[in-house]
Amino acid sequence: MTAETRRPMTPELYRVRSRRADRVDTVTLQLVPVHGECPPCRPGQFTMLYAPGVGEVPMSISGRARSGGYVHTIRAVGAVSGALCGKRPGDVVGVRGPYGTWWDIPAAAGMDVVVVAGGLGLAPLRPLVRELVRHRSRYGRISVIAGTRTPATLVYGRELARWHGQGVDVQVTVDHPDHAWKGPVGLVTRLLDRIVFEPRRTYAFACGPETMMRATAGDLVARGVAARRVELSLERNMKCGLGWCGHCQLGPLFVCLDGPVLSYERAARLLAVEEL
C-alpha cells in the first residue's frame, strides 16, 4: 500500500520480533513493520495498537528497537491489552501512528531535571530518561522518582539500576511493601524531599495516575518550579487518535492531538474540574 492510498484509520501490519515477560501481567513487545519502515517518533508519543479480531487501544511508545521498530510495554488490564500481551514472536498486530505531542527535552537543557513516574507511567518516560542519559553533560542534576504498588510490580528494575550507575539519582517507593523491601513506602511526592534540585532552574516531567500527577505538579510549583516547566502526560479514552471521534476531549482540548503531553500551566485548570 502506497502513501497515496493509505487510509489513516487502517493499521499497518507489524510483526512481533521479541517478547519479554516483565511481570505476571506485563510484557514488553518489540514490533517491526512487515512492509517498509516505521515512521519516526519522539519520546512521549503513542500509537494505536490493534489486536486482530479483538480491538484497538492507545499505547505509549516505550522505546525504539535497534531493528527500526517500536517497543511497547503493555499491562493486561482488558480484552485488547490482554490479547496483545499474549502475542508471541512471529505474530502480527496492527499499528497506527505515532500520534500526539512529545516531551520538550531541549527546553530542559542546562537545568536540573526531575522525572516522576507512577506505575506503568515509567514506560512513556523511559525514552526521555534514555535521551537525558545519552546527553548527560547537557543537564544539571537528574533525578528519577518511581512509585509502584508493590516491589513485584516495578518495571525496568535493571534499567533503573543502570541509570543510577550513570549519575542519575534514582528513588523508588512502593504502596505495599513485602518482607524483603527496605526502601521508602508511600506517595511519590514524599520523595521530593530526598532529591536535590534548584526549583528556579528545574524542568520536570511526570506520568502516572491523574491524582498522582496533580499532586506532584502542585508540590513542585509550590516549591518554586514554574508551572510551564512541569510537563504531564494525560490519559483519556482514545478511539481514533486523529481528533475525529471526540472520545478524548478534555474541555477545549483533544488529548490525542493537543496531548498527551501538556504543561501544567495549561492543564492545571482542566485537571481541577472533577470528572472533566
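These questions and answers walk through a predicted model.

Q: Is Val230 buried or exposed?
A: Val230 is found in strand β12, residues 230-233. Its relative accessibility is 1%. Buried means under 20%, so Val230 counts as buried.

Q: What is the hand of the β-α-β crossover from β11 to β12?
A: The two strands pair in the parallel sense. The chain leaves β11, passes through α4 and reaches β12. This β-α-β crossover is right-handed.

Q: How many of the residues of strand β11 are buried?
A: In a regular strand the side chains alternate between the two faces of the sheet. Here Thr202, Ala204 and Ala206 point one way from β11, while Tyr203, Phe205 and Cys207 point the other way, and all are buried. So β11 is largely enclosed by the rest of the structure, and its buried count is 6 of the 6.

Q: Which residue in β11 is the bridge partner of Asp112?
A: Strand β8 covers residues 112-118. It pairs with β11 in the parallel sense, over 6 bridges. In β11, the partner of Asp112 is Thr202.

Q: Why do the buried residues of helix α6 lie on the same side, and what arc do they cover?
A: In α6, residues 264-271, the buried residues are Tyr264, Ala267, Leu270 and Leu271. They lie on the same side of α6 because the arc they cover around the axis is only 130°. An α-helix has 3.6 residues a turn, so residues three or four places apart point the same way. The arc asked for is 130°.

Q: Which residues are exposed on the other side of α6?
A: The buried residues of α6 are covered by elements that include α4, β12 and β15. Exposed means over 50% relative accessible area. On the other side of α6, the exposed residues are Glu265 and Arg269.

Q: Is the aromatic pair of Phe46 and Tyr99 stacked, edge-to-face or tilted?
A: The pair links strand β3, which holds Phe46, to strand β7, which holds Tyr99, 53 residues apart. Phe46 is buried at 4% relative accessibility, and Tyr99 is buried at 12%. Their ring centres are 5.9 Å apart and their planes are at 55°, so the pair is tilted.

Note on methods. Residues numbered from 1 in each chain as written. Predicted model: local features only at pLDDT ≥ 70, side-chain atom pairs only at ≥ 80, totals over all residues. Heavy atoms only, no water. Helix = DSSP H or I, 4+ residues; strand = E, 2+ residues; numbered from the N terminus. Buried < 20%, exposed > 50% of the residue type's maximum accessible area, 1.4 Å probe, protein only. Arc of directions from axis to C-beta. Contact = heavy atoms within 4.5 Å. Pairing = 2+ DSSP bridges. Right-handed = clockwise from strand over helix to strand, strands pointing away. Phe/Tyr/Trp six-rings, centres within 6.5 Å; stacked < 30°, edge-to-face > 60°.
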